[in-house]
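Here are some friendly notes to read with the structure open beside you. Take the points one at a time and find each residue as you go.

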Amino acid sequence: MGNPKAFLEIHRQEAGYRPIHDRIRDFGEVEQTLNTRERKLQASRCMDCGVPFCHWACPLGNKPPEWNDALYHGEWEKAYRLLSATNPFPEFTGRICPALCEKACVLNLIEHEATTNREDEAAITEAAFREGYIIPQHPTRNGKRIAVIGAGPAGLAAANELNQMGYQVTVFEKAENAGGLLRYGIPNFKLNKAIIDRRINILEEEGIEFRFNAEICLDNLESIDNQPTSSFHAIIIATGTPTARDLNVPGRELKGVHFALELLAQQNRVLAGMEFSKEERITAKGKDVLVIGGGDTGSDCIGTAHRQGCKSVTQIEIMPKPVEGPVDPNNPWPNFPRTLKTTSSHEEGCTRRWNINTLEFLGQDGKLTGVKIQEIDWQPNPNGGRPLMVEKGKAEVIKAELVLLAMGFIKPEHPQYPENVFVCGDAANGASLVVRAMASGKQTAMKVNQYLKMKNEE
């Protein structure tokens, strides 16, 4: 703790976003950065608490007091070594993590001005790449082969961990490139895909083999991409949650109703140079857009719709409006508060409504023209469990030529696998945060290592 009075003298300062009129014209990252002096001052605010709840809150077990102190003293390489000891890809979490550590920061409890851990993390990692601190490692091989199915954050974390242990890792991915939802679900204005490519290049230099466009049938793992599974000592399934939650109401078949990821993935592919026909192209240009679902995916749809040139955007959510303000009385510190979240996309323009149920998609000549909705309320269930939804007010129609369903994903069910097959990330736990997927990948890699060591001893 280099400056014991910093948290008293220096206020939290975020880098902020590019101006709205500028950022909605392109898909460049919206978040700005602080200069080196200001970043060091922000790092100095970390109090190195006797009981550091940031450690507890982070699924990866990151240690912000240690690397914040190194950053404050200008020891950028040391800061990166401390950060990367627990976090394999801090350039990802430094951009898109909701910063569970900051919500559990003691300064968040006292003054609602937590240390800027996420931004500090991103700054440290970019400095490490810029200064050449990140050098591909070439571990001694132990002769054992591992197959990882899925190149999302969980699969990449597992592959990285096992590769560093000396295993020969092959990653199989059904898409044309690595990253999973990092690449195809998160818009470029939050995570530039060059950031993913930079890390994948390092993983390849370190010996991880990637095989793309590889469709693997999980119900029959006798072979993987024309290779017998017996050629691998262990297999990790990290296929995420590919099935989006649908909304089966009248009119679902109308042209103009899409899953959120259909829009987001296609737009990211367009930015990567892929071409789509006019009939295939999903676009919000000149349209009134309705986003159904109030989470981060819905927010990403809003920002994408603006950049495509939409006429208007409305976002509806079936659940009640979260508490406004920094404190959530039902989920107090140091837990993550379920309070109202306003993202950069919301700031760009959006009508937001809560307690809204979707009744029907309306159309003409097979094309969507509007959505019939109704305000609802939630009442306690006398039998316990989920509250009861009751109607409130009259049905109304929202004009819309494009509807994006962003209501989450269904946790996959898996058959009984052989003992050398492991499941991690969202595929095991259901849809969650990127940081949790990475933590699960690391933990699963440790389980694989322990399993194979045990087999060696038998």
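1. Let's begin with a charge over a ring: Arg-269 sits over the face of Tyr-184, 4.1 Å from the ring centre. Please keep in mind as you look that this is a predicted model. A second case involves Arg-307, which lies over the face of Phe-189 at 4.1 Å from the ring centre.

2. Now for rings that pair with each other. How many aromatic pairs does the count come to? The count is six aromatic pairs. In one of them, the ring centres of Phe-27 and Phe-189 are 6.5 Å apart and the planes meet at 35 degrees, so this pair is tilted. It links distant parts of the chain, since its two residues are 162 residues apart. Phe-27 belongs to the loop between helix H2 (20-23) and helix H3 (36-44), while Phe-189 belongs to the loop between helix H12 (181-184) and helix H13 (193-205). Both Phe-27 and Phe-189 are buried.

3. Another aromatic pair is made by Phe-210 and Phe-212, and this one is stacked, with 5.9 Å from centre to centre and 15 degrees between the planes. Are its two members buried or partly exposed? Phe-210 is buried because its relative accessible area, 11%, falls under the 20% cut-off. Phe-212, at 27% relative accessibility, counts as partly exposed.

4. Next, have a look at the open sheet. Its five strands come in the order S7-S15-S8-S9-S10, with parallel pairing. Which strands form the edges? They are strand S7 (257-259) and strand S10 (351-354), and each of these pairs on one side only. From one strand to the next, the twist averages 20 degrees.

5. Strand S8 (residues 288-292) runs parallel to strand S15 (residues 402-405), and four bridges join them. For example, Ile-292 has Leu-405 in S15 as its bridge partner. Helix H14 (residues 260-271) packs on the sheet, where it touches S7 and S15, and its direction makes about 70 degrees with that of S7.

6. Helix H15 (residues 296-308) also deserves a visit: it lies across S8, strand S9 (312-317) and S15, and runs at about 170 degrees to S9. Just after H15, Gly-309 adopts a positive phi of about 90 degrees.

7. Finally, compare your view with helix H10 (residues 117-131). It has 15 residues and reaches 21 Å from the first C-alpha to the last, close to the expected 21 Å. H10 is mostly covered, with 11 of its 15 residues buried, including Asn-117, Arg-118, Ile-124 and Phe-129. What covers the buried residues of H10 includes H3, helix H5 (64-72), helix H6 (76-84), helix H7 (90-96), helix H8 (100-103) and H13. Just after H10 comes Gly-132, with a positive phi of about 80 degrees.

Key. Residues are numbered from 1 along each chain as its sequence is written. This is a predicted model: local features need pLDDT of at least 70, side-chain atom pairs count only at pLDDT 80 or more; totals for chains, interfaces and linings use all residues. Side-chain values use heavy atoms; hydrogens and water are left out. Rings of Phe, Tyr and Trp (its six-membered ring) pair if their centres lie within 6.5 Å; planes under 30 degrees apart count as stacked, over 60 as edge-to-face and the rest as tilted. Buried means under 20% relative accessible area, exposed over 50%, partly exposed in between (1.4 Å probe, protein chains only). A charge sits over a ring if NZ of Lys or CZ of Arg is within 6 Å of the ring centre and within 35 degrees of the ring normal. Two strands pair if DSSP finds at least two bridges between them. Axes are lines fitted to C-alpha atoms, for helices over the stretch in contact, and angles run from 0 to 180 degrees between N-to-C directions. Contact means heavy atoms within 4.5 Å. The expected span of a helix is 1.5 Å times one less than its number of residues.
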